Amino acid sequence: MKFGLKVLAMLALTLSLINTIVPAEAAKQVFAQQYNFESRGELKQPLTMFFKANMPIQIKAIVSPLDEMHNLLLVAFPEGTSVFAVNIAKGYEYALYKLELREKGSQELLILSYGKRGTGRTALKGIDIIGSNDMGNIVSLPVVGFKEVTLFNSPLQVRPNRSLILFRDKMQSVVNIIWNNDRKQFDVSGVDRRMLKMEIETEFQKYMNIYKADEELGKIMSLITFENIFNIEFLKANSKFSSMDDMIWRSGFGIMNLLEVENVNQDRWNEYITKNTECKTWHEFGKLAMIDWMKKTLKLAEETRAKGERLVTPVPKPADN
């Protein structure tokens, strides 16, 4: 890529959670150093890479505005008598890491593209990895299997086998990035957003037992409505629907409310749910919605009780449009 003189115009999760995801002996990890950007778009600290052993290269990178949802990342550095440069416009925020993912002595530049940072979690929009190929040329290496996924705002972890771990916002789920030497590519796994049926059932029963054992919480549960559990916040996070009404009207089944779902062809309705949500059946999606509602209501109840107050607001208010 030609490049002129104006080269740059432009929480860690707790150990207890880690141990529920992988065996203790595999949970050994280090937190990778992250290179961030200042408000003016320049790297906060110098970044020197060794794409090839004993050959340091100073990396130049800058982020500049593109549109409301995206910024443009420009990465450039000298390569022999020319300049290597790459533009990435997948995200709003970017994080850079220098890592040894294939062999000792040589490094790869990992670039993670994120959406706008959310409270506790953020969408991962892209994964790019720059390193030397078998011919000794510095290139963007193949990354296979990536799909956009939401992550907890926690540090990137590097395991002893040189795989990378990012924690998803779904229980006991991680995104794994590892080099496949046979195929000469980085494989990404764990990005399937669907929870397993067993995971949903286990989590559902866990919270149901809590509510059954607590008289006040049990009374609250007896008052819930479809509007409470299929609220806008839940639907936007777990489906393609913008609201409960959107889910009803878009279906094309001619129903007026969710009570009428039992009157339609169940196979076709489940196909509709599979296509538009993170679950395979309407039954699973309903339980997922209940899990979300029970978690939030339980947290609200705990906060209220900690203040010495009674649970006077029985049901969380549905999110506004």
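In this predicted model, three antiparallel strands make up an open sheet ordered β4-β5-β6, where pairing requires at least two DSSP bridges between two strands and the elements are DSSP runs numbered from the N terminus (helices: H or I, at least four residues; strands: E, at least two). The edges are β4 (60-65) and β6 (82-88), each of which pairs on one side only. From one strand to the next, the twist averages 20°, taken between N-to-C directions of lines fitted to C-alpha atoms, on a scale from 0 to 180 degrees. Six antiparallel bridges link β4 to β5 (residues 71-79), and A61 has V75 in β5 as its bridge partner.

Helix α8 (residues 282-306) spans 36 Å between its first and last C-alpha over 25 residues, close to the expected 36 Å, which is 1.5 Å times one less than the residue count. After α8 comes G308, with a positive phi near 80°.

Beyond neighbours within four places in sequence, M294 contacts F204, Y207, M208, Y211 and M221, with heavy atoms within 4.5 Å.

Residues are numbered from 1 along each chain as its sequence is written, and side-chain values use heavy atoms, without hydrogens or water. Local features need pLDDT of at least 70 and side-chain atom pairs 80 or more, while totals for chains, interfaces and linings use all residues.
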